[in-house]
Amino acid sequence: MAELQTIRFRLNGRPVELAVQPYETLVEALRRGFQMYSVRESCGQGLCGCCTVNVDGRAVSGCLYLAVLVDGCDVQTVEGLGTLNQLSPVQEAFVECEGFQCGFCTPGMIMMATQLLQENPDPTDEEIKHYMSGNLCRCAAYPEIIAAVHRAAEKLRAQTAAGNTPATAIMAQR
Ligand code: FES
Ligand code: FES
């Protein structure tokens, strides 16, 4: 068995550490070490987006990303966007627009939609489809997902108009 390596990083704003195998993926490490069960593996090949996690501000496929690579990084999962009692605007919009059926793809969709809206606060349908083309929904809830992204964009624009920065608007307002 290969030698364990201890990695230290920030997970949803909290400093953490974990001993990982050099071949362990970020999905495996987040689920094993921190019970981050929103991070899900489906295809395991970088094709479906279920495992989308944000590392240092960029969405990555956690099924292909080795855990050792997040040493010293900021990692965010959907658990870090809001809480059960206080959802983030994107999470709220997915609930309001019923942007899911079984929910398996939903954390990845929300992470990707969150990144999209940070880059483009008012995307068109085509821009949403293009940006989120790596996130597959086996229930084909695509019309509701697109509606949810538009609803989230409205919420975020309202928050920034009220004086929040884009970076704070995207998080749950605590
Ligand atoms: S499980 Fe990672 S992209 Fe499908
Ligand atoms: S809601 Fe079932 S896979 Fe998307």
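Predicted model: local features only at pLDDT ≥ 70, side-chain atom pairs only at ≥ 80, totals over all residues.
**Notebook: a first look around the chain**

I started with helix H2, whose buried residues pack against helix H3 (106-119), H5 and helix H6 (166-169).

**H2, continued.** I looked up which residues of H2 are buried. In this helix, residues 89-96, they are Pro89, Val90, Gln91, Ala93 and Phe94. I also checked what follows the helix: just after H2, Glu98 takes a positive phi of about 50°.

**Stepping back.** I wanted the overall layout next. I counted six helices and five strands in the protein chain. Going from the N terminus, I read the order as β-β-α-β-β-β-α-α-α-α-α. The radius of gyration is 16 Å, close to the 16 Å that the globule rule gives for 174 residues, so the chain is as compact as a globular protein of that length. For the box, I noted roughly 50 × 35 × 25 Å along the principal axes, filled by the C-alpha atoms.

**Two domains.** The chain splits into domain 1 (5-80) and domain 2 (89-170). How far apart are their C-alpha centres? I have them at 21 Å. The two domains touch, with 16 residues from domain 1 and 14 residues from domain 2 taking part in the contact.

I looked up burial for the whole chain: 44% of the 174 residues count as buried. The accessible surface comes to about 8,900 Å², and carbon and sulfur atoms hold 53% of that. I also checked how far contacts reach along the sequence. Among contacts with a separation of 6 or more, 58% join residues 24 or more positions apart.

**H1 and the strands.** Back to details, this time with helix H1 (26-34). Which of its residues are buried? I wrote down Leu26, Val27, Ala29, Leu30 and Phe34. These buried residues pack against strand E1 (5-11), strand E2 (14-20), E3, strand E4 (58-61) and strand E5 (74-76). Just after H1, I found Gln35 with a positive phi of about 55°.

**Met36.** I stopped at this residue, which sits in the loop between H1 and strand E3 (52-55). Is Met36 buried or exposed? Its relative accessibility is 11%, so I put it down as buried, the cut-off being under 20%. Then I listed what Met36 touches, leaving aside neighbours within four places in sequence: Leu11, Asn12, Leu30, Arg31, Thr77 and Glu79. Leu30 is also on my list of buried H1 residues. I followed up on Thr77 too: it is 41 residues from Met36 in sequence, yet their C-alpha atoms are 7.7 Å apart in space.

**Gly134.** My last stop was another loop, the one between helix H4 (125-131) and helix H5 (142-161), where Gly134 lies. At 37% relative accessibility, Gly134 counts as partly exposed, because that class covers values between 20% and 50%. Which residues does Gly134 touch, not counting those up to four places away in sequence? I found Leu47, Cys48 and Gly49. I also looked up Gly108, which is 26 residues from Gly134 in sequence and 9.9 Å from it in space, C-alpha to C-alpha.

Note on methods: Residues numbered from 1 in each chain as written. Chains lettered and ligands numbered in written order. Heavy atoms only, no water. Helix = DSSP H or I, 4+ residues; strand = E, 2+ residues; numbered from the N terminus. Rg over C-alpha atoms; globule rule 2.2 N^0.38 Å. Buried < 20%, exposed > 50% of the residue type's maximum accessible area, 1.4 Å probe, protein only. Contact = heavy atoms within 4.5 Å. Areas by Shrake-Rupley, 256 points an atom, 1.4 Å probe, with all protein chains shown as cover. Domains from an automatic or database assignment.
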